Amino acid sequence: MEPETQTQIHIAEEKAAPVNILMVDDEPANLLALEAVLDSLGQRLVRAGSGREALKHLMNEEFAVILLDVAMPVMDGFETARLVRQRDKNRLTPIIFLTAVGRTESEIFRGYEVGAVDYLLKPLVPEILKSKVLIFIELYNKTRQIQRLNTELKRNVRELESTNQELKKENAVRRRAEQELRHSEEKLRVLNASLEERVEERSALAEERAKELSRSNAELQQFVHVASHDLKEPLRMINSFVQLLQRQSADKLDANSEEYIQYVVEGARRIQRLIDDLLSYTRLGARSLSPQAVELGEVVEEALSNLSLAANECGAEVTWDPMPRVEADRTHMVLLFQNLVGNALKFRGAGKPKVHIGAKAEIDRWVFSVKDNGIGIEPQYFEKIFIVFQRLHAREEYPGTGIGLALCKKVVEQHGGKIWVESELGKGSAFYFTIPKIIRGGRHEGETGDGTEAI
Amino acid sequence: MKAKLEMGPRPFEILLVEDNLGDITLMKEILKMSKFPIRLNVVRNGSEALDYLYHEGVYQDSKEPDLILLDLNLPKVDGREVLAQIKRDSLLGHIPTLVMTSSKNEADVLEAYKNNANFYIVKPMDMDHYMVIMKYLEDFWITRTNK
């Protein structure tokens, strides 16, 4: 609707603009007469005294209509019209021939042939002249308006087209953006999916690893177990036959051979003890804890009763504080106290061995101690002694496999505690270990010991 | 030979089912020290043990043992199967069958007793224990059968 309204407004405006009218006549009086008639039209009137002059004007300006006298010397109206028509610019410029009354029909026809649009007969009737010229002025104006409108339309169309183009471009951009968005959404989705997949894979992998680890752990346990048993078999053979040799051939052996055989017997016995200790050490790992309320007083008594032979032998005096009840694995606790007190008795000094087992409550844990008046340990070995197979003394001095304290450490750590030693060479040692009042950590919970132990 | 045999007490027949040569030798040596006349017959796997007991194959003339010492881990037919077969069979079930093995495995011990083993002996780690076991065999099984 809007463009139409605009067009109407344009037409209204155009009406005021004056146009050029070309009057061609060799008679100045005729030109004057024409001017007199047409002056009231309010247009710009241009005079030309000859065809040549008319052509000159046409070259410079644009005219709405040409009033052309037919009978002119040198170049008559027809000739002038022909030349006018030859110019591209003026091919459609209306030409009104002015001719005297009484001209032949053939003359008029000739006029139309060279491009006249109308004829006016002299003497001119002013009203007719005026109305005819007015028609052409209007025609010219309309044409111009249409041209302008056309141009404008074209421009509008161009603008529309360019807008359209831009819209299309924008559309394309948007479509591309949308596509890209969809694309990146898809990418994101795929990425997400792959991420999820990867997370799943990872957790599956982690689970797999954990399974593998526990499997390989179990396998290792199994291996140590089997290996220990398989080691024991040939050991049994060595033991038995060397002893058989001792029994049956005692009279045939010299003193050296006796001694050598003794070394074999002892060596075999030591291997056997090592294997036994190693087995109990690995069993600690294989068997999950079964924590329960344990009266440590009973545990200490049991450990001491297991050690009574050694304690009585050396006349040791063992005392202990009142012991608390803790959440722990009972078997392991017995093993722990027995090892620590056993060590205190084994590494005794020259005097009468005195061992004291202490218990002290802290906020969230118990600190236990086993103090002796034995040979003591140099500080540089404080860490080392807890490593498996680590020994500080010659076997002849103090027998043992070097597993005892490693076992203690394992037990304490499995219960979520710490173990350490304070000692001075020659003045005795104090072994400390802690047991949390509330047991935490995975090993203590959720695991059910299968209870079956193949030894 | 024949006359001598008839005169003296009949030797106590032991069937040892054992694949390990060392153990066989040890058992021979140990039993040599016994104050009782003992004849030790040895088979090396479970299949041979069953042949011996059923007088089959090369053991057509085998005598029914007074006591069987049976290892558990044997080639071919396992000692556990042999034990089950012996105790299942009414003709053999009465023969005292002692499991003698290096396995301390609780499951093995339980299974042996479930299959009516007469005793479960863990192979000793040294000579002293062997002597204890021989004493046990003499006191509980050989004298009883040879009274």
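A: Along its sequence, chain B runs in the order α-β-α-β-α-β-α-β-α-β-α. That makes 6 helices and 5 strands in chain B, where helices (H or I, at least four residues) and strands (E, at least two) are DSSP runs numbered from the N terminus. The model is predicted, with local features needing pLDDT of at least 70 and side-chain atom pairs pLDDT 80 or more, while totals for chains, interfaces and linings use all residues. Residues count from 1 along each chain as written, chains are lettered from A and ligands numbered from 1 in written order, and side-chain values use heavy atoms without hydrogens or water.

Chain B has 147 residues, of which 50% are buried (under 20% relative accessible area; exposed is over 50%, partly exposed in between; 1.4 Å probe, protein chains only). Among contacts (heavy atoms within 4.5 Å) in chain B with a separation of 6 or more, 66% are between residues 24 or more positions apart.

The part to look at is helix H3 of chain B, residues 46–53. Its buried residues are B:Gly46, B:Ala49, B:Leu50, B:Tyr52 and B:Leu53. Viewed down the axis of H3(B), these buried residues fall within an arc of 160 degrees, so they line one face of the helix; the arc is taken from the directions from the helix axis to the C-beta atoms. What covers the buried residues of H3(B)? The cover includes three strands of chain B, S1 (12–17), S2 (38–43) and S3 (67–70). Helix H4 (79–88) of chain B is also part of that cover.

The loop between H3 and S3 of chain B holds B:His55. B:His55 is not a glycine, yet has a positive phi of about 55 degrees. With a relative accessible area of 34%, B:His55 is partly exposed.

Beyond S3, in the loop between S3 and H4 of chain B, is B:Lys76. B:Lys76 too has a positive phi, about 60 degrees, although it is not a glycine. B:Lys76 is exposed, at 71% relative accessibility.

In chain A, A:Cys314 is buried at 16% relative accessibility, and A:Cys408 is buried with a relative accessible area of 1%.
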